[in-house]
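These notebook entries record what I looked up in one structure. I kept each entry to a single topic.

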Amino acid sequence: MAPPLKRVVEALTELTQPGEAWTAQSSQENVLRQTLCHNLLALDQKLQQDSNWATLQQLREQVISQLTWAVRSDDVVWNFVSEVLVQLLCLKQTMIELLVQFVPPKPNPKSPECAPALPPDTLSISQQKIVQTALQFVVILGICPYLLPGVGTPLRCRSDFAATVEKLVCYLASPRGMWRLHVVTMALLDVAQHSSLESLILTRHLGDLLASLCQLAYSPNKYHLNLTSEEYSHQEDREKQKGLTDAEQHSCQQALRNLLDRVYQPIVVKELLILQGGTKQMAPACVGKTRTFSQTPSWLRRRCGQLLSERLMKPNGIQAVVRGIVEGAGTGIAGGQSAEAAAADWRKCDVVARILASCPQQCLSVEEYYRQVCPQVLDLFHIKDKLTACQFQRVATMTFLSMVKEQPELADKYLLKPLLAPLICCLENKGESGKQKTRLGRRNGTKKEMVEGSRQVGTVIVEESELTCCVDDIYKVYVVGNDPCSKLLESLKAVIPAIFSLYCFTTRGVSHLRSGCQEILLWFLQKSEPPVAMLVLKQLAGLAQSSPIIHPLYHFTAGSEGGVKLTVKETVSDEDEILYKKVSSEQWRIECLAQLLSNLQENNLTGDFFIECLKGLTCLAGETDDRLATSRSDGLPELEQREQQLVILQLIAVLCERFGHLILNNTVHVIEFVITTLDRCCVNLMHQTEETVEAQTLSMGMGLIASMLGGAVQLTSTDFDAMKPMLPRLEQIAVLHPDPVIQELASDLRITVATHGAFSTETVVTAAQSTMGNQNKQDDKPTKSSHPKETCPVTRSQRQSPTSHSVGAMEHGNMATPGNSPRNFHQILQIAFDPEVPTRAAALRTISQMVRQRNPDALSNQEKVLLVFLENLKHEDSFVYLSAIQGLSVLADVYPAQILPRLLDEYRISPEGAEKTRCVETRMKMGEVLMRSTKALGEIASHYRDPLIRVFLMGTKDSDSTVRASSLSNLGELCQCLQFAVGSVIHEVTECLTGIVKTEREPEVRRAAIHVITLLLRGLSEKTLQVLDEVLRDLYRLLKYVIQADEDEVVVVHAQIALEELDHIVRRFLFPEENLQKKIVILP
């Protein structure tokens, strides 16, 4: 029968209770020795004399009979340690027997929330404290004194009590000390077999147990004995020898392995690092002097390194090592927030990265080490714990970069390719075999079957989570790591087409991947060599062939969690549809590329790319035969050559529109731009072709060089060296150009450039002043021109067209000039019908400005101005008809009573026959005019409410769907402006919208109808509940009907947006914002 659990705990209390006060002359060592002896006698008396302790005495004798060492000796300290160990073994046996006899009661169904009954072997908090005190005595008195110097933490560095024990118990240099250490260690491991006692032992004394086992198992065999079993059985010989046999040493090794495997691995790593130690220093507060620890023995350092390497090679070993070293360091709850703590954390992460990147000596090969460790390094990027994620990601990034530097080939195989695998799946390498395609689907041990014949439309090739993790990991390694080594740049270059395609897709909607893709692309362009970055930009723009390319069978689709996934797209057989998708995709890619380059304005890359595009325009200057010959020599078909030319033109247009003059941000860029322009002009001259655009760009380029030479820019010797390629080109222009003024200017510019600006003619000075807008200033430099009265080509062209000067002046707002007369106004009206598009558009803008400023000539010729705008509204060029739209809206804003009825009549006309298509386009433009006019009218739009609404409602019944959609769009803008004034006609508007939503077949018209509701709610805002009181329920039901029944996704999205607007309005009405204001009232 087992004794009560509390009886064993009382025995431990009797052993560990403090003694009585002794005389002052006694030293601390003597006091401790007398206390231990007194406690042993007190416990022995109770066990022998008290009948209540008889059961414990029987169990104690039973335990002693199973021991292999003598409990009693002539050493009081050893007797005390042995007795505590015996009582701990009794405690373990008692807890085991109590648990065996325990039968848990059945749960009470009436109170299922009650906690279940505790097992009888559970220790209370006070009992745990007593057991912990006993364990501390065993470790301090039975383990620490027998550890070799440098093994474990010395006693003097633990506490004042431990320092006293060190004086009391001196290390036995001996085999006796080894034997006692073995006894205590094995006894504690035996006690730790019970789960409750295991936690008490290992949480406080794991480091001491590891130190003891390492010493017993791996210390030099100075005190190990080769005893036979017969000799081993004799206790007397054993007491005399006090050494360890080989079997005991092997058992210690096995116990050490078992202990390391059963404990939480980060704690094991931390304890092994402490045990591995080295030369350390500390200053005890009580002494105030610095003491040096004994250096860790070399055999222990090597063994701890081997044990740490074994921890590292185990599954999740990397994470265990990182947690053991850096967890809780640096910023955060555990590590503090100081700059010193953060710096220490950074240094720790760097040290851990270097450790992980180096292959251990006991590993079979470096490749085997990388094969086991690299997947774990990649897993470190995906730690979810926010407190440790930053440290883990820093270690993972540094380890990744170190491995790439030390072993580039192995890192490419086991790190870079698994990291980039989802993006590689998006690409198609030319000449790639089917087996290679199959292998691309592998990531983190999973493999996707990529068999061409089994692909179906909508099949997910790369999951949303995989692409998200891939982009995030690339950002952490490349951008955050910011170590642009050649291997990293080379690997990233292979997937840049996929990242850019992903970036283009995310810019069409809302996705959290957009910023990551943008940062990765910008990092690559900034860190790569300029030729490489330029080649990549050409490939992204479609100006150069890239390998690999985006797989033609796949496309990106939106994921359910804000990410993107790669799926098999539907094949399209219609050639027109294929061409439309290709053209729209190329246009969008160019827009995205320009947006990307807008973040690189501080870099010269944008200007260099623009100059490179301009150089590509040189191929447009020759004749068709030469183009064909060039395309054949380049190995490109004629169609591809023309497509590249169109892409170049579109790129230049987009870059000029987005950046303007800022794209050429230094003098070298301007010089290269001029050289490219001169090249293009020389090619035209050689083929004897005359183009207006080329003539204008030549004039602009020569004017730029003249202004630079005239002092607009401070030129250096480097700039003049960059101008040297101009000399043969200027000489060729001076000989071949048909215009004598151009010839003379080219010759003079050549002289000025060749002399580095030391000699300049009047022609150059005049051209510079004309370009800079300073024509009234004259220079006193000597002239060598044979035609002193001629000016640069720009001024010459102005003299040939005198009205263009007046148009330019009027456009810049010079209304008070003497030339502003009725004659000039009529000339401007005539120029509005000029065949040249820029001239016509400039005249229209000038007329619009005159109308806005209420010019008397414009007021008196109101009808003519209206006819001019209406006629130009039919023009095909957007530069012209957009200027006409602007002019009509300004005219309607200034003269609404006279102009609006005419505009409404024009919008209402719907002829039949061949002119219907052209008339529809004109009506759409007129709809844009009415929409702008409605916005410009503002509050006075309510005065023209009835004719406007009548025309727009009539337009919703037009036979053409685009006109119906345009009418609804205008109706929405009008309702947004009317606000309260819409109340009396709201029923008509609501019925019209309801009928269109429920009966209209064209989804574009239904979208416009729902958009009208959104604009109506947005315009009324807080007034919605008052104005739409009678129809609000009908509108709400209509929106719910659309969400449930409409098949078009865009219509449903519009309905959801309208419902969100309504929800915000109602919430603001029900829960108005509280304005905390303090009012002071003065009482009379």
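The entries below cover strands, salt bridges and surface patches in turn.

**Entry 1. Basis**

I note at the outset that the model is predicted. I have used the residue numbering that starts from 1 along each chain.

I began with strand E9, which spans residues 564-568. Is strand E9 largely enclosed or open? I found that four of its five residues are buried, so the strand is largely enclosed by the rest of the structure.

I then looked up which strands pair with E9. Strand E8, residues 554-558, is joined to E9 by five bridges, and the two run antiparallel. Within this pairing I noted Thr557, whose bridge partner in E9 is Lys565. E8 and E9 form a hairpin, with five residues between the two strands. In the turn I recorded Gly562, which has a positive phi of about 85°.

Strand E6, residues 460-462, also pairs with E9 in the antiparallel sense, over two bridges. Here I found Val462 opposite Leu566 of E9.

**Entry 2. Salt bridges**

How many salt bridges does a search of the whole structure find? The search gives 24. I examined three of these pairs.

The pair Arg311 and Glu310 has its closest N and O atoms 3.9 Å apart. Arg311 is buried, with a relative accessible area of 4%, whereas Glu310 is partly exposed at 39%. I also noted that both residues belong to a network of salt bridges that links Asp261, Glu310, Arg311 and Lys314.

For Arg371 and Glu368, the closest N and O atoms are 2.5 Å apart. I placed both residues in helix H16, residues 366-379, where they stand three residues apart, about one turn of the helix. Arg371 is partly exposed, with a relative accessible area of 43%. Glu368 also counts as partly exposed, at 22% relative accessibility.

Asp1046 lies in the loop between helix H48 (1032-1045) and helix H49 (1049-1070), and Arg1006 lies in helix H46 (residues 1003-1020), so the pair ties together parts that are 40 residues apart in sequence. Are these two residues buried or exposed? Asp1046 is buried, with a relative accessible area of 16%, and Arg1006 counts as buried at 11%. I checked both against the cut-off, which is under 20% for a buried residue.

**Entry 3. Surface patches**

Which residues form a negative surface patch? I listed Asp574, Glu575, Asp576 and Glu577. Of these I followed up Glu575, which has its place in helix H24, residues 575-597. Glu575 is exposed, with a relative accessible area of 64%.

I next looked up a nonpolar patch on the surface, formed by Met686, Val735 and Leu736. Together these residues have about 310 Å² of accessible area. Val735 is found in helix H31, residues 726-736. Its relative accessible area is 59%, so Val735 is exposed.

Notes: This is a predicted model: local features need pLDDT of at least 70, side-chain atom pairs count only at pLDDT 80 or more; totals for chains, interfaces and linings use all residues. Side-chain values use heavy atoms; hydrogens and water are left out. Buried means under 20% relative accessible area, exposed over 50%, partly exposed in between (1.4 Å probe, protein chains only). Two strands pair if DSSP finds at least two bridges between them. Patches are made of residues with over 30% relative accessible area and no salt bridge: like charges are joined within 9 Å, nonpolar side chains (Val, Leu, Ile, Met, Phe, Trp, Tyr) within 5 Å. Accessible areas come from the Shrake-Rupley method with a 1.4 Å probe; for residues, only the protein chains shown count as cover. A salt bridge is a side-chain nitrogen of Lys or Arg within 4 Å of a carboxyl oxygen of Asp or Glu. Lys and Arg count as positive and Asp and Glu as negative; His and the chain ends are not counted. The place of a charge is taken as NZ of Lys, CZ of Arg, CG of Asp or CD of Glu.
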